[in-house]
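Reader: I'd like a close look at one part of this assembly: how one copy of the chain meets its neighbours. Could you take me through that slowly, and then on to the helices?

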Amino acid sequence: MSVADRLTSLGIDLPKPAAPVANYVPFVISGNIISISGQIPMGPDGLAFQGKVGQEVSIDDAIRAAHLCALNLIAQMNAAVDGDLERISRVIKLGGFVNCVDGFGDQPKVINAASDLMVDVFGDKGRHSRSAVGTNALPMNVPVEIDALVEIS
Amino acid sequence: MSVADRLTSLGIDLPKPAAPVANYVPFVISGNIISISGQIPMGPDGLAFQGKVGQEVSIDDAIRAAHLCALNLIAQMNAAVDGDLERISRVIKLGGFVNCVDGFGDQPKVINAASDLMVDVFGDKGRHSRSAVGTNALPMNVPVEIDALVEIS
Amino acid sequence: MSVADRLTSLGIDLPKPAAPVANYVPFVISGNIISISGQIPMGPDGLAFQGKVGQEVSIDDAIRAAHLCALNLIAQMNAAVDGDLERISRVIKLGGFVNCVDGFGDQPKVINAASDLMVDVFGDKGRHSRSAVGTNALPMNVPVEIDALVEIS
């Protein structure tokens, strides 16, 4: 099953890749590696989630935010390979940051929404290494930021 | 001196590599690079350390936790190279996160336990670049999480 | 315009690359990638900035601190390529950590000082991917730490 078919069967319309909020680029290709800048839960109408998990943001909303970050990562991959997502040969790593209260320990549960989407969309090629950590603050007070390293063929 | 000999002379029995706590894999090999997922202080009987450095966790226990994270990193490397640790040609980078109180500034001292173990086990090939930062929260309230990039020949 | 010329026209004298504060190395070269350890705002007379952004450290000082971290990154690149900065073919990624109060959301504005310097010094080769996150604590209570991945030709 192609990545395009999987996206269709999942009912996913890739978002427009978000422009960086400062003087950098959304991705860099070096050899057969793409490094993708940290993506935040930007939706079609702006930031879809803001606040700290365990305070204003519920764990369910944090999971939705991580899913949206992952969609934005895939949108950047799509831009990097000029729309041919079959060229993504492996998602190497996701780096997940969860803006949360002290003592919150469910970062894996939150970032799992992004991990699940990678496997749903890319199959075994989407199986990645990962770090998931908490933080006391993120840009524009978003609850989740995720960056990625991806291999292309 | 081989890596196996060094492990023996250090009295180290590698732990069983820990299974990921969510939908991802413990390592990905891309070309001659292994990306290893963030390892936590998981011991034979479960989490060996929990809590925040500067609060429930002393700096000495944080150092022990970092050592255990590093043992788990080496266990994952060992699994990635099918038990032939001589194939590890360089530890490229450790990324260390220390769950600590505000104002704590001894992250280098904590993560040094992991850095020391890499050099003890791999010799000059174990000399790596590193970032060490604090965080207000980590998965399952562990005090330390460390991920790694490693080169294989 | 060469990188050396750009440095001159920007009035930049590269600092001496800072020694690591623990048992690791300032950079590792693997294939055509340099991984540079997290750099802190170390100046000629020691740490130029200490404290938390939003508390003792103003956003303007945080921006200066990020600029200094970036200078230190370039000094490490310079050491890695034996003084021939023309060999830097691309800055792949900056990873920026800002020690800040809860709710601070201007990490991009702070880390932008580092991003700007990369583009000023390396031109289009300096355009990089990036993550910028907050943290509640950094080594020696510095306000900013930045690491990097760089491609050499």
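This is a predicted model: local features need pLDDT of at least 70, side-chain atom pairs count only at pLDDT 80 or more; totals for chains, interfaces and linings use all residues.

**How chain C meets its neighbours**

Author: Just 8% of the interface residues of chain C are also interface residues in chain B, so these copies meet through different surfaces.

Let's start with the symmetry. If you rotate by 120° with 0.0 Å of shift along the axis, chain C superposes on chain B with an RMSD of 0.0 Å. The two copies are thus related as by a three-fold rotation axis. Chain C also superposes on chain A by a rotation of 120°, again with 0.0 Å of shift along the axis and an RMSD of 0.0 Å.

Now for the side of chain C that touches chain A. This contact takes 26 residues from chain C and 24 residues from chain A. On the chain C side, the elements giving two or more residues are β5 (88-99), α3 (107-122), β6 (129-135) and β7 (144-152) of chain C. Of these, β6(C) gives the most, with seven residues. Sort that side by class and you get eight nonpolar, 11 polar and seven charged residues.

Turn to the side of chain C that touches chain B. Here 24 residues come from chain C and 26 residues from chain B. The elements of chain C that give two or more residues are β1 (27-30), β2 (33-39), β5 and β7. β2(C) has the largest share, four residues. By class, this side has 13 nonpolar, nine polar and two charged residues.

Even so, α3(B) has a kink of about 30°, centred on Ala113(B). Ala113(B), where the kink is centred, is one of the buried residues of α3(B). Among the others are Pro108(B), Val110(B), Ile111(B), Leu117(B), Met118(B), Val121(B) and Phe122(B), along with Gln107(B), Asn112(B) and Ser115(B). What do they pack against? The buried residues of α3(B) pack against α1 (3-9), α2 (59-80), β5 (88-99), β6 (129-135) and β7 (144-152) of chain B. After α3(B) comes Gly123(B), with a positive phi near 65°.

Last, have a look at helix α2 of chain C (residues 59-80). This helix has 22 residues and reaches 31 Å from its first C-alpha to its last, close to the 32 Å expected at 1.5 Å a residue. Just after α2(C), Asp82(C) takes a positive phi of about 50°.

Definitions and conventions
Residues are numbered from 1 along each chain as its sequence is written. Chains are lettered from A and ligands numbered from 1 in the order in which they are written. Two residues are in contact if their C-beta atoms, placed from the backbone, lie within 7 Å. Ala, Val, Leu, Ile, Met, Phe, Trp, Tyr, Cys and Pro count as nonpolar, Asp, Glu, Lys and Arg as charged, and the others, Gly among them, as polar. Copies are superposed by least squares on the C-alpha atoms of residues with pLDDT of at least 70 in both. The bend at a residue is the angle between axes fitted to the seven residues ending there and the seven starting there. A residue is buried if 20 or more other C-beta atoms lie within 10 Å of its own, exposed if 12 or fewer, and partly exposed in between; C-beta atoms are placed from the backbone. The expected span of a helix is 1.5 Å times one less than its number of residues.
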